[in-house]
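Welcome! Open your viewer, get your selection tool ready, and let's take a short walk together.

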Amino acid sequence: MKSWIEIKAESDFSLENIPFGIGLIPGSGKCICTRIGNTIVNLAGMARLGYFDHIGFKVSDFEKPVLNDFIAKGKKSACKIRTIIQDFFLENSCSDSEMALIRQMALHESSEIQMLMPLQVGDYTDFYSSIEHATNVGMMFRDPANALLPNWRHIPVGYHGRASSIVVSGTEIHRPKGEIKPANTDLPVFSPTMQLDFELETAFVIGKENTLGDSISTAEAEDYIFGMVLFNDLSARDIQSWEYVPLGPFLSKNFASVISPWIVTLDALEPFRCSGPEQLPEVLPYLQFNGERNFDINLRVQIKPENSEETIVSKSNFKYMYWNMSQQLAHHTINGCNMRVGDLCGSGTISGPDAESFGSMLELTWKGTKPIIMPDRSERKFINDNDTVIMHGFCEKDGIRVGFGEAAVKILPEK
Ligand code: CA
């Protein structure tokens, strides 16, 4: 699909994408936006010119601080809006005067618009669904011969995280402090974490609620998933290894998780569907599913030291996920747990089979035993102060590219 707006071949924001986010528009405040190439489209500006009147959307529907109300109107409505935008910006679709008017009313250079936290996240759940990641962690912390715990191939293991500290790309985070038990001491010490890590994840956004007591089947799960974002679930490994027994991670993971500002719809990801790994042994009926439920999404992590260029430290892919999103959602609600619009479900760290595809520094440096050498010759076992961690994600097939942009976070020294 060619547009009358310039879209470079390597842009994540093709006309096939049309993700949704919240931009801070000069003179208008917080508005629902999309992005085409390097152009931000303010949907409130388009609504002011009447382009969404015929589907019952008013200007005020787009003048919102978060996407929750928009998402709650349903995937069919969002799909109609995507189609209207795609048709309007298609090459040769508008007259010169229409283009001039829309440029004046609704278009902005992406470098001039601050993107904001797109959701009011009510609840956040994090899964642990990459078999390579679970195996690597099990090998390092428990028993290499029995790395996977007995439940792992039977249920999508997860835990409830904290929503208040989920932040948008571009936020700066101070190195957290906490209680750590060094291997060579009998008693714990209080210290800034010395093992600050990223976790390369995606998260899906709940687009429709289920009633408390009802379950969502794998067959209907995708009706409840509005779209996806990149997700960096920052983790303090030394705090984690001391605190996690017996109830799991607590302060090691609730100080910050970073999402990309654009929610890419499942409609946009449709051409990139693929099958996941074979699941053996066979799962119980409530976790069985039909069709292809994974997506081929290339994932990258870069570290940028303060005074040096960024370097890629991980190249993974969402398709490696053992448990897919439909199974995660079916499992989450099988007990009657109710999901609400804007809830986030993290995939868990997405590691692949090769050493370069591991999704955390813990695995990439094998608990710090194999440091990464950066272009400036400095070593990284974990993340240093003033490093920026940048995650990218994109799908590419038959000349079509649909991407997420980036989720970036700079780590500042402890407060
Ligand atoms: Ca995680």
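**First stop: the loops**

Select Asn92, which is exposed, with a relative accessible area of 73% (exposed means over 50% relative accessible area, buried under 20%, and partly exposed in between, using a 1.4 Å probe and protein chains only). Asn92 sits in the loop between α3 (75-89) and α4 (96-106); helices here are DSSP runs of H or I with at least four residues, strands are runs of E with at least two, and both are numbered from the N terminus. Asn92 is not a glycine, yet its phi is positive, about 65 degrees.

A word on what you are viewing: this is a predicted model, where local features need pLDDT of at least 70, side-chain atom pairs count only at pLDDT 80 or more, and totals for chains, interfaces and linings use all residues. Residues are numbered from 1 along each chain as its sequence is written, and side-chain values use heavy atoms, with hydrogens and water left out.

Next, select Arg377, in the loop between β23 (372-373) and β24 (379-380). Arg377 is not a glycine either, and has a positive phi of about 75 degrees. Arg377 is exposed, at 73% relative accessible area.

**Second stop: two prolines**

Go to Pro246, in the loop between α6 (237-243) and β16 (257-259). A cis peptide bond links Val245 to Pro246, with omega about 0 degrees. Then find Pro281, between β18 (273-274) and β19 (294-295); the bond from Leu280 to Pro281 is cis, with omega near -5 degrees.

**Last stop: a covered helix**

How many residues of α5 (residues 131-141) are buried? The count is 8 of 11, including Ile131, Val137 and Met140. The buried residues of α5 pack against α9 (361-364).

Notes:
Contact means heavy atoms within 4.5 Å.
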